[in-house]
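Have the sequence and the 3D view ready.

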Amino acid sequence: MDQLLHVFVKVVEKGNFTKAAEELHMTQPAVSQHIQTLERLLDTKLLDRTNKYVKLNKAGEIVYHYAQEILGLYTRMNQLLDDLLNRASGKLSIGASYTYGEYVLPQMIAQLHQHYPLITPTITIGNSNEIVEMVSSHQLDVGIIEMDIESASVSIEPLAEDQMVVVASPRHPYAHKKKVKIEDLESATWIVREQGSGTRKATDEFFRNHRFVPSSMMEFGSTQLIKGAVEAGLGITFLSLWAIKKELSFGTLSIIPIDEEPFVRRFSLVTPKTPFYTKAMDVFLTIIRTHHPSVRQWSPPPSL
């Protein structure tokens with residue numbers, strides 16, 4: 001049954017039999033036979049077929065959802081059995097929200113590879129709700145999120161803190177002041193992430209805490225785009241210290257020293273609710289809990 005589900009999932013992901021057959025190193029008639037066998041066992045059609053593509057029907061949507069979960073559990077079972085006799089190895093699927101996944105997780109993966117080269121990590125970047133859902137449905141082994149979420153289907157534990165700062169071009173008149181009043185920034189052009197991102201949630205909370213709405217605001221779909229726009233002098237923004245570490249060292253971005261307490265957000269670790277972890281999962285959790293890179297709390301330089 002697991003092979004039938006594997007072929008079915010691949011056909012759905014690729015959108016047609018030919019591409020699925022190529023990916024699976026099977027002939028197209030063999031793929032078709034697997035799908036027909038699965039449909040016969042379940043006594044229902046799962047796919048609407050045309051000459052160009054296949055599409056899930058309602059029954060197919062149900063089977064596809066649970067097939068992903070079943071295959072995830074099957075893979076984890078085999079890994080656990082393997083671990084009884086072998087050292088940490090095999091696949092490890094990790095999910096992370098954007099800031100953590102792009103600016104912190106690579107350091108963790110480098111440490112993992114240095115000490116456990118037989119572990120093969122795969123990384124999925126998404127928003128916090130997506131990561132929680134994928135861990136819950138066993139599509140991911142572990143996740144790191146940047147929002148406060150309660151879930152009965154997974155375990156969530158505090159992992160790290162991240163300081164958020166107001167960022168501008170070094171040429172901005174406020175970049176070299178000792179302190180800037182927050183109300184002075186209301187008239188600035190703010191460049192922010194799109195709705196739904198963790199960084200945008202933190203930005204909106206920052207605005208609410210200080211009871212102001214920017215008079216001019218632009219939405220960009222990635223942190224990299226925002227940093228480039230701010231470097232060019234288009235406006236100011238609110239970003240993680242992790243995200244601007246390189247630009248600060250190169251002097252292409254500066255922090256505006258606002259006259260307020262630091263804004264800190266928290267990242268959490270998401271794991272399945274199970275007493276059994278693979279060795280690959282255990283060593284990754286040890287690394288991420290004990291060797292987490294710290295970002296020193298920023299403070300303005302002394303005035304000249």
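A residue counts as buried when its relative accessible area is under 20%. This model is predicted. At 2% relative accessibility, phenylalanine 206 therefore counts as buried. Phenylalanine 207 has 6% relative accessibility, so it is buried too. Tryptophan 190 is also buried.

**Aromatic pairs**

How many aromatic pairs does the structure hold? It holds 11. Two of them involve phenylalanine 206.

| Pair | Centre to centre | Angle between planes | Type |
|---|---|---|---|
| Tryptophan 190 and phenylalanine 206 | 6.2 Å | 50° | tilted |
| Phenylalanine 206 and phenylalanine 207 | 6.1 Å | 55° | tilted |

What does the pair of tryptophan 190 and phenylalanine 206 tie together? Tryptophan 190 lies in strand S7, residues 189–193. Phenylalanine 206 lies in helix H8, residues 198–209. The pair therefore ties together parts that are 16 residues apart in sequence.

These rings belong to one aromatic cluster. Its members are Trp190, Phe206, Phe207, Phe212, Phe238 and Phe263.

**A charge over a ring**

Now look at tyrosine 98. The charged end of arginine 193 sits over the ring of tyrosine 98, 5.4 Å from the ring centre.

**Helix H11**

Helix H11 covers residues 279–290 and has 12 residues. From its first C-alpha to its last, H11 reaches 16 Å. That is close to the 16 Å expected at 1.5 Å a residue.

Which residues of H11 are buried? They are Ala280, Met281, Val283, Phe284, Leu285, Ile287 and Ile288. An α-helix has 3.6 residues a turn, so residues three or four places apart point the same way.

Conventions: Residues numbered from 1 in each chain as written. Predicted model: local features only at pLDDT ≥ 70, side-chain atom pairs only at ≥ 80, totals over all residues. Heavy atoms only, no water. Helix = DSSP H or I, 4+ residues; strand = E, 2+ residues; numbered from the N terminus. Expected span 1.5 Å × (residues − 1). Buried < 20%, exposed > 50% of the residue type's maximum accessible area, 1.4 Å probe, protein only. Phe/Tyr/Trp six-rings, centres within 6.5 Å; stacked < 30°, edge-to-face > 60°. Lys NZ or Arg CZ within 6 Å of the ring centre and 35° of its normal.
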